[in-house]
Amino acid sequence: RGPRWSVPRCGGRYTSSAADNSYIKTSGVSLSLGKQLKWPDDFFSLSYGINYTRYKLKNYAIDPVNLKGFDNGVSNNLSFRLALARNSSGPSPIFPTNGSNFLLSLQFTPPYSLIDPNRVNKANPYELLEYHKWKYTGEWFVPLTRATNEDRNKQLVLKAAIKAGFIGRYNKKLSISP
């Protein structure tokens, strides 16, 4: 016989008592617009958008090492995004067999702690998240064999890719936002 437990265990399953005591709730909305560019060629597009996300935490430690004490409260993330892309991959967007795909994007929030320096000393300095995030993706698709079968959809393709990103902060007195 195994030991008897005096506290109920969930064993990886949902229990309402655990959910009532520790959670993170997320809600948000986004609006984006994009435009196909004619220069330098027809494969370029530019998109821009605005995003709002609200996080509500209750006894939920996101990062107990770097964000000590931030396990209860609310965080708001109002961000703007700009993206320049070039996509010449084809013929299928799910399994491209040739061409390339490049994306350069910038997502940023207003620099709240530079506008209001007292924000650093607040009980919850992450009530308004702030960051700037830079991302680059490059993908190349090279066919290694000719398309075979009746539908001409069986083909061996080499995909080479590079992805890089950087997230920064506006104020050195604050950690990177959660």
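Visitor: What pattern does the protein follow along the sequence?
Guide: The pattern reads α-β-β-β-β-α-β-β. That comes with two helices and six strands. The model is a predicted one.

Visitor: In what order do the strands of the open sheet stand?
Guide: The order is β1-β2-β3-β4-β5-β6, and the pairing is antiparallel.

Visitor: What makes β1 and β6 edge strands?
Guide: Each pairs on one side only. Strand β1 covers 23–36, and β6 covers 157–168. Neighbouring strands of the sheet are turned by 15 degrees against each other on average, direction ignored.

Visitor: How do you know that β2 and β3 pair?
Guide: Two strands pair if there are at least two bridges between them. Strands β2 (residues 44–58) and β3 (residues 73–87) have 14 bridges, in the antiparallel sense. Therefore they count as paired. In this pairing, Tyr48 stands opposite Leu82 in β3.

Visitor: How many bridges link β1 and β2?
Guide: These two strands pair over 14 bridges, again in the antiparallel sense. Thr26 has Tyr55 in β2 as its bridge partner.

Visitor: Why is β1 called hardly covered?
Guide: Look at the count of buried residues. Among the 14 residues of β1, that count is one. To be buried, a residue needs under 20% relative accessible area.

Visitor: How many aromatic pairs are there?
Guide: The count comes to two.

Visitor: Why is the pair of Phe80 and Phe108 called tilted?
Guide: Start with the distance. The ring centres are 5.7 Å apart, and the cut-off is within 6.5 Å. So the rings pair. Next comes the angle. The planes stand at 35 degrees. Stacked needs under 30 degrees, and edge-to-face needs over 60.

Visitor: Why do Phe80 and Phe108 count as partly exposed?
Guide: Buried means under 20%, and exposed means over 50%. Phe80 has 28% relative accessibility. Phe108 has 27%. Both values lie in between, so both residues are partly exposed.

Visitor: Why is the pair of Phe102 and Trp140 called edge-to-face?
Guide: The planes of Phe102 and Trp140 are at 80 degrees. Phe102 is partly exposed at 21%. Trp140 is partly exposed at 36%.

Visitor: How do you know that Lys25 lies over the face of Tyr23?
Guide: Lys25 is at 4.7 Å from the ring centre. The distance cut-off is within 6 Å, and there is an angle condition of within 35 degrees of the ring normal. Lys25 counts as lying over the face of Tyr23.

Visitor: Why is Thr97 called buried?
Guide: Its relative accessibility is 16%. The limit is under 20%, so Thr97 counts as buried. Thr97 lies in the loop between β3 and β4. Beyond its sequence neighbours up to four places away, Thr97 touches residues including Gly90, Pro91, Phe141 and Val157.

Visitor: What joins Gly90 and Pro91?
Guide: A cis peptide bond joins them, with omega about -5 degrees. Pro91 is found in the loop between β3 and β4. The peptide bond from Trp39 to Pro40 is also cis, with omega near 0 degrees. Pro40 has its place in the loop between β1 and β2.

Visitor: Which residues make up the largest nonpolar core?
Guide: The core has seven residues: Leu57, Leu67, Phe70, Val120, Tyr126, Leu129 and Leu174. Leaving aside neighbours within four places in sequence, Tyr126 is in contact with Leu67, Phe70 and Leu174, among others.

Visitor: Why is Asn59 called partly exposed?
Guide: Its relative accessible area is 42%. That lies between the limits of 20% and 50%, so the label is partly exposed. Asn59 is found in the loop between β2 and β3. Asn59 also has a positive phi of about 50 degrees, although it is not a glycine.

Methods
Residues are numbered from 1 along each chain as its sequence is written. This is a predicted model: local features need pLDDT of at least 70, side-chain atom pairs count only at pLDDT 80 or more; totals for chains, interfaces and linings use all residues. Side-chain values use heavy atoms; hydrogens and water are left out. Helices (H or I, at least four residues) and strands (E, at least two) are DSSP runs, numbered from the N terminus. Axes are lines fitted to C-alpha atoms, for helices over the stretch in contact, and angles run from 0 to 180 degrees between N-to-C directions. Rings of Phe, Tyr and Trp (its six-membered ring) pair if their centres lie within 6.5 Å; planes under 30 degrees apart count as stacked, over 60 as edge-to-face and the rest as tilted. Buried means under 20% relative accessible area, exposed over 50%, partly exposed in between (1.4 Å probe, protein chains only). A nonpolar core is a set of buried Ala, Val, Leu, Ile, Met, Phe, Trp, Tyr and Cys residues joined through side-chain atoms within 4.5 Å. Contact means heavy atoms within 4.5 Å.
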